[in-house]
Amino acid sequence: MPAVAINVGANTNEPGFRGPIRADGSFAFVPIPESAPTREPVPTYGDLAPHLDAEIPDAVHDRPVHLDPEFAEYPAGEAYTYGDDHGVKARPLSSLGAGDRVYFYATLSVREAAAWLPPDWGAFLIGHFELAHDPTTPDGPEDLSAAERARFASNAHRKRDPPDARVLLAGDPDGSRLYERAVPLSAPTAGTDPGPIVTALSADSGAGPWWRRPLRFDEGAAAALRDRIAASRADNYQA
């Protein structure tokens, strides 16, 4: 089964800082700000701050967040859902099917030095969904069945006014999770240097800003990625 990994989460552009990662691999996933009007209230950075082991600047406490991907175990999360309105991500995600995996990776700032970590920041896998259904690709804001509307009711793109997702994904609760410790995509030398998951497994060249691009894995590479993640977890995510 193939897989795709996509970049998510706070960064130095929006809202101006990254989530932290520490020497033991523990980290805090911080969402990006919500940039569109919403039909209902959504959490703010201030709402999340007491639940995250991260420094959230006071200046952004009142800003609403775009909680996407949504993990059931995350503060304010209800299910495993993800939506995207940009073709560069929607196209590879739409090619997946039920049982395939979508991985989420974020750039994180290093808060404690360790030999396996880059010196300042890096890109890390922070969780995955095992898809419970084929991707939903609505033609318009209301182009969903009653079952799909219920399935994605808590997703951030469905809360926008109007809803704008070009693809919607639902993770199987038994096969999806937000990791406790992150898995490195960057090499220890620098955040911009790709590690072996990028160079040896993904179809990406590793040239230029690879940490912003969707990373595609064919069936063989996706299987190897699952094994690598399992081995990394057994070795404190340092493999």
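Colleague: What makes F29 and F71 count as buried or exposed in this model?

Modeller: The model is predicted, and in it both F29 and F71 are buried. The label means that each has under 20% relative accessible area.

Colleague: How do you know which class the rings of Y80 and F129 belong to?

Modeller: Their centres lie 5.8 Å apart and their planes stand at 80°, so this pair is edge-to-face as well. Y80 is in the loop between strand 4 and strand 5, and F129 is in strand 7 (residues 121-130), 49 residues apart. Y80 and F129 are both buried.

Colleague: Which residues make up the cluster of ring pairs?

Modeller: F29, F71, Y74, Y80, Y82, F104 and F129 are linked by ring pairs into a cluster. The count for the structure comes to 12 aromatic pairs.

Colleague: What makes the contact of E34 and R160 a salt bridge?

Modeller: The N to O distance between the two side chains is 2.8 Å. The limit is 4 Å, so the contact qualifies. E34 lies in the loop between strand 3 (32-33) and helix 1, and R160 in the loop between helix 3 (146-151) and strand 8 (167-170), so parts 126 residues apart in sequence are tied together.

Colleague: What other partner does R160 have, and how is D164 classed?

Modeller: R160 also forms a salt bridge with D164, with the closest N and O atoms 2.8 Å apart. D164 stands at 25% relative accessibility, between the 20% and 50% limits, so D164 is partly exposed. Shared partners join E34, D85, R160 and D164 into one network.

Colleague: How do you know that R63 and E14 form a salt bridge?

Modeller: Their side chains meet at 3.4 Å, N to O, and the value lies within the 4 Å limit, so the term applies. The search of the whole structure finds eight salt bridges. R63 has a relative accessible area of 31% and E14 has 39%, so each counts as partly exposed.

Colleague: What makes strand 5 and strand 8 a pair?

Modeller: They are joined by four bridges in the antiparallel sense. At least two are needed, so they pair. G83 stands opposite L168 in strand 8.

Colleague: Why is the chain called as compact as a globular protein of that length?

Modeller: The chain has five helices and 12 strands. Its radius of gyration is 17 Å, close to the 18 Å that the globule rule gives for 239 residues, so the description holds. Of the 239 residues, 54% count as buried.

How values were computed. Residues numbered from 1 in each chain as written. Predicted model: local features only at pLDDT ≥ 70, side-chain atom pairs only at ≥ 80, totals over all residues. Heavy atoms only, no water. Buried < 20%, exposed > 50% of the residue type's maximum accessible area, 1.4 Å probe, protein only. Rg over C-alpha atoms; globule rule 2.2 N^0.38 Å. Phe/Tyr/Trp six-rings, centres within 6.5 Å; stacked < 30°, edge-to-face > 60°.
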